[in-house]
Protein chains: 2
Amino acid sequence: MRIGFIGFGEVNKRLAELLKDEDLLTSYEGRSDKTIENIKDAKIKVVSSFKEVAINSDILFSATSPKQALIVAKTYGKYCNGIFIDLNNISPDTADEISRFADNFVDAAIIGGINNSFTLYLSGQNLDKLNFLSNYFPVKAISNNMGDASRLKLMRSIYTKSIAAIFMELFAVSDDFDLTEELLDTISLSEGREFKALAQSRVINTRNNSKRKKEEILEILQYFKDYDLKMVEATLDVLSDL
Amino acid sequence: MRIGFIGFGEVNKRLAELLKDEDLLTSYEGRSDKTIENIKDAKIKVVSSFKEVAINSDILFSATSPKQALIVAKTYGKYCNGIFIDLNNISPDTADEISRFADNFVDAAIIGGINNSFTLYLSGQNLDKLNFLSNYFPVKAISNNMGDASRLKLMRSIYTKSIAAIFMELFAVSDDFDLTEELLDTISLSEGREFKALAQSRVINTRNNSKRKKEEILEILQYFKDYDLKMVEATLDVLSDL
């Protein structure tokens, strides 16, 4: 299968590594030194332009940035005769828009860490043509409803962010009583073994990335504005205080 | 060890069952038919009054109801020369008050299901005298700070209630998109295997007991009123809508 990559940051670099037995191609066109270095390391075929990449791919992975996702689709979608897969953290609304520019568009979401264990969630048409990907990494075809993969990622993100907010509040209380370890122990009784490490890393991660997480929560509230998401609004309040 | 029971509902009944190799006693005094039945089934020693139970116990378990907890302590605490253990779901403030009426007071919290697997959390003085209990069920001595066991239970309850509120909100969204199963799957990726069943049973449980849970949340907010518990307040809002 000829697989093209637009963007060669962390995500596409890792996918190229996993898919190395396929026929891979990308371009240096307009790329940064860092990205060109990534491409050289990957030892995959390089063509002169992304237009050429798009034309010659059975599957095209777009993984640049949420902001560029739509521009990439507008510019190269029309040249892509194969399946156009967007891997950026886009909202379901953006996925909708992208689908207007790429005929065989598949909305994808990477859930988990790209360099650890992740599952590639897919939604859209022609998902059967992507079955072969599961030879290389876990893939889950969710539905033919384009946008479901992005929606799922948004909802999961409500969960992880709200949980982090809850722990921030709880730790403020439990630290004062010197009962944080005991609290985590009692919750672990029902929540499984790795839970403690997870809870703590979520709080640290949220503190370290509060600005971005706040923006993400705002987007989530905007997207799900028809729902009365009190916990998510409270999560936003907690993040705003950081 | 002579162990006395005041109250013989679900909690003390189960403890008597687990502690059957010890020297157990209780009384029918003022008990309901149902409770007398429980006591008969347990085949333990019955004396004529709770005063006599209190006088003759090395350890006295009080497990009636949160409302009666203080009255029981006021009435029988003074006759108890052994350790007085309160097993009711009382607030740390009530634990404080009880300690004025029982000299050797130990604040206890059962975490988990009394009829499944639970751990008995203990805080207060003389906890070493209760070490033998761990021959019969898991016991955790938290600290010598009376009230820590109740506080821990309150904090854990913030977690379980907030989580339930988050899931109620999330399911409202994910049901609409027919993505609830997939959402739980993606969260399970990081949260462990039994997580799905746990999340669902929490929501059902919260819906079935919303009034009680709302009252508990109000108590929690009252007790931790010096903290800015936005998520807990939002949880209360969610429960108020049920």
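Is Cys80(A) buried or exposed? I would like to start with that residue, and to say at once that what we have on the screen is a predicted model. Cys80(A) counts as buried, because its relative accessibility is 5%, and the cut-off for that class is under 20%. In the other chain, Cys80(B) has a relative accessible area of 6%, so Cys80(B) is buried as well.

Let me now turn to chain A as a whole. Its secondary structure comes to 10 helices and eight strands, and the C-alpha trace of chain A, taken along its principal axes, spans about 65 × 40 × 35 Å. Of the 242 residues in chain A, 55% are buried. If one takes the contacts in chain A between residues at least 6 apart in sequence, 52% of them join residues at least 24 apart.

Two residues in the loops of chain A deserve a word on backbone geometry. Most residues other than glycine have a negative phi. Asn126(A), however, has a positive phi, near 60 degrees, and its place is in the loop between β7 (118-124) and β8 (139-143) of chain A. Asp178(A) also has a positive phi near 60 degrees, and Asp178(A) sits in the loop between α6 (148-176) and α7 (180-191) of chain A. How exposed are they to solvent probes in the calculation? Asn126(A) has a relative accessible area of 26%, so Asn126(A) is classed as partly exposed, whereas Asp178(A), at 65% relative accessibility, counts as exposed.

Next comes the interface. How many residues of chain B are in contact with chain A? There are 49 of them, and they touch 49 residues of chain A. The area buried between chain B and chain A is about 4,400 Å², and carbon and sulfur atoms give 70% of that area. As for polar interactions, the count between chain B and chain A is 12 residue pairs in polar contact, with both residues at pLDDT 80 or more. On the side of chain B that touches chain A, the elements giving two or more residues are β7 (118-124), β8 (139-143), α6 (148-176), α7 (180-191), α8 (195-208) and α10 (230-240) of chain B. The largest share comes from α6(B), which gives 18 residues to that side. By residue class, the side of chain B that touches chain A divides into 29 nonpolar, six polar and 14 charged residues.

That brings me to the charged pairs. Side chains of opposite charge can pair when their charged atoms come close. Over all chains, the search of the whole structure finds 16 salt bridges, and across the interface of chain B and chain A the rule finds six. One of the pairs is Lys140(B) with Asp185(A), whose closest N and O atoms are 3.3 Å apart. Another salt bridge is formed by the side chains of Glu191(B) and Arg202(A), at 2.6 Å from N to O. Here Glu191(B) lies in helix α7 of chain B and Arg202(A) in helix α8 (residues 195-208) of chain A, so this pair joins two chains. Both partners fall into the buried class, since Glu191(B) has a relative accessibility of 6% and Arg202(A) has one of 12%. There is also a network of salt bridges that links Asp228(A), Lys230(A) and Asp241(B).

For contrast, I would like to end with a pair that stays inside one chain. Glu215(A) and Lys211(A) meet through their side chains in a salt bridge of 3.6 Å, N to O, and both lie in helix α9 (residues 210-223) of chain A, four residues apart, which is about one turn of the helix. Glu215(A) counts as partly exposed because its relative accessibility is 41%, and Lys211(A), at 64%, counts as exposed. In chain B, Glu215(B) forms a salt bridge with Lys211(B), the closest N and O atoms being 3.6 Å apart, and these two residues lie four residues apart in helix α9 (residues 210-223) of chain B. Glu215(B) is partly exposed at 41% relative accessibility, while Lys211(B) is exposed, with a relative accessible area of 63%.

Conventions:
Residues are numbered from 1 along each chain as its sequence is written. Chains are lettered from A and ligands numbered from 1 in the order in which they are written. Side-chain values use heavy atoms; hydrogens and water are left out. Contact means heavy atoms within 4.5 Å. Buried area is the accessible area (1.4 Å probe) that two parts lose on being put together, summed over both. A salt bridge is a side-chain nitrogen of Lys or Arg within 4 Å of a carboxyl oxygen of Asp or Glu. A polar contact is a pair of N or O atoms within 3.5 Å; within protein, one must be able to donate a hydrogen and the other to accept it, and residues adjacent in sequence count only if both atoms are side-chain atoms. Ala, Val, Leu, Ile, Met, Phe, Trp, Tyr, Cys and Pro count as nonpolar, Asp, Glu, Lys and Arg as charged, and the others, Gly among them, as polar. Buried means under 20% relative accessible area, exposed over 50%, partly exposed in between (1.4 Å probe, protein chains only).
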